[in-house]
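Here are some notes for a colleague who is opening this structure for the first time. Please read them with the model in view.

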Amino acid sequence: MSMWFRDLPPDCVVLADVAIAVLAGAGLVRAARRLRQPAVVWEIAVGIMLGPSLLGLLPGDLDTRLFPMAQRPTLTAMSELGLLFFMFLAGWEMNPRTLRSGRSAVVTTALSAMAVPFVMGAALAFVLSTDHRGQTSASVFALYLGTTMAITAFPVLARILQDTGLGRTQAGVLSMTCAAIGDGIAWCLLIVVVAVASADGAGQVWQTLLMSAVLGAILFGLVRPLLARWAARTERDEAAGKGGTDGSRAFLLAGSFALLCGCATAWIGIHPILGAFAAGLVMPRAIGPRTRQAVEAPIARVSALLLPVYFIVTGLSVDIKTIGWAGAGELCLIMVVAVAGKFLGSVIPARSFGVPWREAGALGILMNTRGLTELVVLGIGHDLGVIDDQLFSVMVIMALLTTAMACPLLRLIGVKAPAAPISPADSDDTPARSGSARN
C-alpha cells in the first residue's frame, strides 16, 4: 500500500489521507460506545497510532509514506478549517450568562477550580523549564503551562453528562458552570500567551492586546446587537408561520462570519481559532429553531468530517518512543499535578458550600476532562515554540488519560443519573445538542 501511495499525485495523496483519517476514527466509534468513552478519546488514540508512535515502528516507514512531509501542510490547513468551525460551535454553545453568574458558591468553586491547577502548573513549569522550554521566556512558559493545567474541555464534558444522564445532578450542573467560567478565563490567558510569544518586543505585545480589545469591542458592541435584531426577526417569522430566514443564506453568512473573525485575529497576531470562538460567543442564542438548525447542522458536519484530520496531524507530532524513562517520570509528575490541581481546586470549595462528598468527588472527576480543547491549546503552544516536541508528546498523553479516566471513575464512586427523564424542552437547552459536543 505504501508503494502504491508513492506513485499517486500529491492531490490524490491528500484526499486519500483525509479518507483514512475519517474511516479510522469512525471505525472505533462502536468500540468507544461499548467502553462508555467519549469519541474524542479514541480519535486522539487513532491519531497517535497512525503516527510514529505505532505505525512508524513497522517496517517501511509507513507513517511518512502514508502521510508524506510534502503534503502535511495541506492536511494541516484542512484540519484547522475543521477546528475553526468546531471552535465557532463551541463558542455558540457556551452561554455568556453563565460567565456572569452571581451565585457565590458557583463563582468561588469555578475560580478555585481554575486558580489552583493554574498555580500548580506554573510551579511545575519551573521544574520542567530547563529541559523543555522552547523559544520563549521562563515566565511565558510558566503562564502557558499553568493555562494547560487549568483547562476543562467544555464540549467533551457536555457529551459525558449527556451520555451518563448526569446533567441534572448537582455535580453535573456545577461542573458545566465551572467549566464555562474557567474556559472563558483560560482563553483570555491564552490570548496573552500567544501575543507575548509571537511578538518581537513589549511594544508589539501591547499593540496586539490593544487590537484584540478593539476587535472585541466591535464584535460585542456593534456586531452582536445587529445579530440580535436578525435573530429576533427569525423568531417572529417562524412563530408567525412565515418560514423564517432562508436556511442556506443563514448558513453561508454564519460560516463566513466565523472565517472572517478567524482572519481578523490572524491578522492581529493571535491564532485564528480564537477569532472563530469569539464569533460563536457573539452569535445570538435566541434564534428561530429552524434557522439555527439550518446553520448548526451543516457546520457541525463539516467540522465532523475534517476534525479527524486534526487528530492525525497531532498524532504525527507525537512520538512516544522518544519519551524514555525520564519522560515517563515527567508524565507521572504531570498527571499528579493535573489531576490533583483540579480535584483540590473543585472538591474543597464544593465541600465548604455543603456539597456531599460523592457529588464533590464527581465534580473533581468531571473537571479533569480535557479532550480536544487541551489538544488545541497544546498545538498552539507547540507551533509557537513555547514547548518542545517531547513535552508536547507527554502533554497529549496526559490529555488522553485524564479524559479517558472520567467515565470509569464516575462508575467506581457510584454516581448515578436522576430517575426523572429529561424532557425535550430541557434537552434543547443543554450545550451538548450539536455535533461539536462530541469532542
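1. In this predicted model, a search of the whole structure finds 3 aromatic pairs. One of them joins phenylalanine 88 and tryptophan 92, whose rings lie 5.9 Å centre to centre with 45° between the planes, a tilted arrangement. The two residues are 4 apart in helix α6, which spans residues 72-93, so about one helical turn separates phenylalanine 88 from tryptophan 92. Phenylalanine 88 is buried, with a relative accessible area of 0%, and tryptophan 92 is likewise buried, its relative accessible area being 0%.

2. Another of the pairs is formed by tyrosine 310 and phenylalanine 311, with 6.3 Å centre to centre and 75° between the planes; this pair is edge-to-face because planes over 60 degrees apart are classed that way. Tyrosine 310 counts as buried at 8% relative accessibility, and phenylalanine 311 counts as buried at 2%.

3. Turning to helix packing, helix α13 (residues 247-268) and helix α15 (residues 289-316) pack with their axes 8 Å apart and at an angle of about 55°, which makes α13 oblique to α15. The crossing in which α13 passes α15 is right-handed. On the α13 side the contact is made by Gly247, Ala250, Phe251, Ala254 and Gly255, while α15 contributes Thr291, Ala294, Val295, Pro298 and Ile299.

Definitions and conventions
Residues numbered from 1 in each chain as written. Predicted model: local features only at pLDDT ≥ 70, side-chain atom pairs only at ≥ 80, totals over all residues. Heavy atoms only, no water. Phe/Tyr/Trp six-rings, centres within 6.5 Å; stacked < 30°, edge-to-face > 60°. Buried < 20%, exposed > 50% of the residue type's maximum accessible area, 1.4 Å probe, protein only. Axes fitted to C-alpha atoms, helices over the stretch in contact; angles between N-to-C directions. Parallel < 35°, antiparallel > 145°, perpendicular 65-115°, else oblique. Left-handed = near helix turned anticlockwise from the far one by under 90°. Contact = heavy atoms within 4.5 Å.
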